[in-house]
Amino acid sequence: QVRVVESGGGLVQAGGSLRLSCAASGSFFSISAMAWYRQAPGKQRELVATITSGGRINYADSVKGRFTISGDNAKNTVYLQMNSLKPEDTAVYFCNVAGRDRNYYSFASWGQGTQVTVSS
């Protein structure tokens, strides 16, 4: 079983910065990718950024140039540095971890989410 825990959310003024962390733990064979999603009230969950174990990175157009995703493979941890935050970035941010378990079956696990609120 894979446990995913996010941290680092909070309240910040527009233009400010926050850094989110996500750590995966438990019994698994490997992690292939980690990603950040967000869900604002009344909206669907959307992909924010992804990073693969090989270092390939992708961003949603809405956060390019403002957010930076990075990972530490040794710690099974991914970070999301969020700069120049806007009120429209307000959402619950979720971490998703994909990989192979010890039976080599694929898995994708979600964290519980962390609230990010940007005030204008």
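This is a predicted model: local features need pLDDT of at least 70, side-chain atom pairs count only at pLDDT 80 or more; totals for chains, interfaces and linings use all residues.
Four strands form an open sheet in the order 1-3-8-7, and their pairing is antiparallel. The edges are taken by strand 1 (2–7) and strand 7 (67–72). Each of these has a single partner strand, so one side of each is left without a neighbour in the sheet. From one strand to the next, the twist averages 15°.

Strand 3 covers residues 18–26 and pairs with strand 1 in the antiparallel sense over six bridges. Within this pairing, R3 has S25 of strand 3 as its bridge partner.

## Disulfide

The structure contains one disulfide. It joins C22 and C95, whose sulfur atoms lie 2.0 Å apart. The link connects distant parts of the chain, with C22 in strand 3 and C95 in strand 9 (residues 91–100), 73 residues apart.

The torsion about the S-S bond of C22 and C95 is about -80°, so the disulfide is left-handed. Both C22 and C95 are buried.

T50 belongs to strand 5, which runs over residues 46–52. The relative accessible area of T50 is 18%. Buried means under 20%, so T50 counts as buried.

When neighbours within four places in sequence are left aside, T50 is in contact with M34, A35, R56, I57, N58 and I69.

Technical notes
Residues are numbered from 1 along each chain as its sequence is written. Side-chain values use heavy atoms; hydrogens and water are left out. Helices (H or I, at least four residues) and strands (E, at least two) are DSSP runs, numbered from the N terminus. Buried means under 20% relative accessible area, exposed over 50%, partly exposed in between (1.4 Å probe, protein chains only). Contact means heavy atoms within 4.5 Å. Two strands pair if DSSP finds at least two bridges between them. Axes are lines fitted to C-alpha atoms, for helices over the stretch in contact, and angles run from 0 to 180 degrees between N-to-C directions. A disulfide is a pair of cysteine sulfur atoms within 2.5 Å.
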